[in-house]
Amino acid sequence: MTAPDLDALDALLASADALPWEVQKDGWTIRVEQKDTEQARGWRVAMTHNSGPNRVEREVANAELIVAAVNALPALIARLRAAEADAERYRWLRGKMTHESCGPNVGWTISELIPGDDPDAAIDAALDRGEP
């Protein structure tokens, strides 16, 4: 699985109709449209032709999945970016660790002062300065 292009997803969200979206079912037509707006145009995402109730239920489920995924996308992008920043901090911090022993104790240590009040901000500043 390849990593998603978060900038491309942000651009798609910015160029699409405003969120949140919702599913509307009208007879055999299932639409996705902007929620609670007077300009809700509605896009037909599925339509059945007397295929039976199981087909309609599946198409409604597909439309609901699309709507849920699109509505969740901004929060998911933000959480992924935060997790990627945390992972970069962890890799930097792990690179500063040394394996040492002191008497019967063996383990990992960091013997360096990283200036700052907030640990994330301190590590980010060190990363910005290009510190190894």
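User: Let's start with arginine 89: buried or exposed?

Analyst: The general idea is relative accessible area: buried means under 20%, exposed means over 50%, and partly exposed is in between (1.4 Å probe, protein chains only). Arginine 89 has 12% relative accessibility, so it counts as buried. Keep in mind that this is a predicted model, where local features need pLDDT of at least 70, side-chain atom pairs count only at pLDDT 80 or more, and totals for chains, interfaces and linings use all residues. Residues are numbered from 1 along each chain as its sequence is written, and side-chain values use heavy atoms, with hydrogens and water left out.

User: What does the side chain of arginine 89 meet in a salt bridge?

Analyst: A salt bridge here is a side-chain nitrogen of Lys or Arg within 4 Å of a carboxyl oxygen of Asp or Glu. For arginine 89 the partner is aspartate 124, at 2.8 Å from N to O. That links distant parts of the chain, with arginine 89 in helix α2 and aspartate 124 in helix α3 (residues 119-128), 35 residues apart. Helices (H or I, at least four residues) and strands (E, at least two) are DSSP runs, numbered from the N terminus. Aspartate 124 is partly exposed, at 26% relative accessibility.

User: How many salt bridges does the structure hold?

Analyst: Seven. One of them pairs aspartate 7 with arginine 81, whose closest N and O atoms are 2.7 Å apart. Aspartate 7 sits in helix α1 (residues 6-15) and arginine 81 in helix α2, so this pair ties together parts 74 residues apart in sequence. Aspartate 7 counts as exposed at 56%, while arginine 81 is partly exposed at 32%.

User: And which residue forms a salt bridge with lysine 96?

Analyst: Glutamate 112, with the closest N and O atoms 3.3 Å apart. This pair joins two loops: glutamate 112 is between β5 (105-109) and α3, lysine 96 between α2 and β4 (98-102), 16 residues apart. Lysine 96 is buried at 16%, whereas glutamate 112 is partly exposed at 38%.

User: Switching to greasy side chains, which residues make up the largest nonpolar core?

Analyst: A nonpolar core is a set of buried Ala, Val, Leu, Ile, Met, Phe, Trp, Tyr and Cys residues joined through side-chain atoms within 4.5 Å. The largest one here has eight residues: Trp21, Ile30, Val32, Val56, Val60, Ala63, Val67 and Val70. Two elements, β2 (29-34) and α2 (53-95), each give two or more of them. Helix α2 gives the most, with five.
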